[in-house]
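Please examine the sequence and the structure shown below.

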Amino acid sequence: MAPVGFLAVFFAWPVVAILRRGFRAGLLTSLTDDETWRLAGFTVGQAAASTVLAVLAGMPVAYVLARVRLPGAGLVRTLVLVPFVLPTVVVGLAFRALWPDGGLAAIVLANAFFNVAVVARTVAGLWAHLDVRAEEAARALGASWWRAFRSVTLPALLPAITSSAAVVFLFCATSFGVVLILGGARYRTLETEIYLRTENLLDLTGAAALSLVQITAVLAALAVGALARGRRETASRLRARVETARRPSGGEWWVVGAAAAVLGLLFTPVVALLLRASPAGFRALSGTGNNGTLQVSGWAAAMNSLRTATDATLLALIIGISASVLVATLRRAPGRVSHGLAETMDGALMLPLGVSAVTIGFGYLITLDALPGDLRTSPLLVPLAQALVIIPMVVRMVLPVLRSVDERLRQAAATLGASPPRVWREVDLPLSLRSVVAAAGFGYVVALGEFGATSFLARPQAPTLPVAIASLIARPGALNNQMAYAACAMLMLVTVAAVAVIDRLGAGRIGEF
């Protein structure tokens, strides 16, 4: 029950504390205000549009990762992660350079830009395991490539598609830096409004009301996603993986071309950022910026990011894998109570994605002093907050695989005398190991680029690289801008190197995200 205890102490307690502090006179007024529901409507609308766009763009990339054997296919797996890790503030500035007026279209494109990797890697992980014989049989009976995909492959992929779409929707609904920069005063979401009311106006009552609306929307999205997964998860059962990648032929080249186009579009903002990074900016990272903007050098901030991301990833893997095993075990147990408990816990594990980072950050500051050692001044504070962001991703990557393992494999192992731990070691672990390795890679790069909660909790003398970038951009001066773009380029290079190493060590050719 370690996952339950962790979420209770480091998520539920801080969130409840900040909401209770905000439950004062005026709460009902905030909840009945038309502006509140206008913000909620815009938040849901832009998140839905971004999710649809991310799914459409991610599917051809997923096909290349799962079914195509071409030179450079492995490089695609690494490169598609780069947009996902970039700090939201930097991506917002990059899109503003390409789209000077900002606006709704820029917000939707930027949020989809972040999340194509979520769809591509999640769907590819399942697609690579599907038995191609069913699709080949449909083709032999006269079905076209598109009809065989629509009738055979797509239903089997729906658990991964709905799972990734749920994660993307939550990321987009809680997007902060992108909306703040590209939306300006005209377009605001619940997340940016919570920040404004808490940080600038000290309106905890209004922020609490918006947090309640945000959590309600997240719960509704989780319920829909869980229902969709429950209806479709029997469409795909994982068995021993066989090699399905091959050289494309015929109409499959159109899909490869679409994937290439998606990658080209993804790297347009990245190239724009790299063009802004100058040698002078990299040299300046050994200093602290114009008039001492930073309390440490840019290189020190980079090293602090690496250490913090490592701690957060290890913690998230321990909690996330334990939670996935627990939920999968409850789901297999007989009885409606066990199934209901599994679905409830599954949804609860996703809640950290839907709660404002502002709410969690301030909740930490007013509660964690009650724990032994006063964690508010501990170097573990930032890894704890980052782990909360990573844990839902670990669960969403590992749990669908565990749920899809053919129960007959477990039963056969048990019949041959294997104990439950050995069944897990011999059956579940080999089929889910690649998912675990991919979860480690994604968790690490997300922690490297996490900005929301970290911006409130990182100490000035120990900032992470994204926090340092935001501080540099917020202060005037050509030197600060040069350092910010150089730091962003360095973050991308570190991310690519980290993901490449993780892929080479354990994720193999496809990876399970």
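The model is a predicted one, in which local features need pLDDT of at least 70 and side-chain atom pairs count only at pLDDT 80 or more, while totals for chains, interfaces and linings use all residues. Residues are numbered from 1 along each chain as its sequence is written, and side-chain values use heavy atoms, with hydrogens and water left out.

Helix 18 covers residues 381-404, and its 24 residues reach 36 Å from the first C-alpha to the last. That span is close to the 34 Å expected at 1.5 Å a residue, where the expected value is 1.5 Å times one less than the number of residues. Helices (H or I, at least four residues) and strands (E, at least two) are DSSP runs, numbered from the N terminus.

Helix 17 (residues 357-367) is largely enclosed by the rest of the structure, because eight of its eleven residues are buried. Among them are Y364 and T367. In the loop between helix 17 and helix 18 lies L380, which is partly exposed, with a relative accessible area of 45%. L380 and T308 are 72 residues apart in sequence, yet their C-alpha atoms are 8.1 Å apart in space.

The protein as a whole has 23 helices and zero strands. Of its 513 residues, 58% count as buried. Contact means heavy atoms within 4.5 Å; among contacts between residues at least 6 apart in sequence, 82% join residues at least 24 apart.

Charged side chains come next. Side chains of opposite charge can pair when their charged atoms come close. The structure holds one salt bridge, that is, a side-chain nitrogen of Lys or Arg within 4 Å of a carboxyl oxygen of Asp or Glu. E193 and R188 form it, their closest N and O atoms being 2.7 Å apart, and both residues are buried.

L98 belongs to helix 6 (residues 88-98) and is partly exposed, with a relative accessible area of 41%.

Terms used: Buried < 20%, exposed > 50% of the residue type's maximum accessible area, 1.4 Å probe, protein only.
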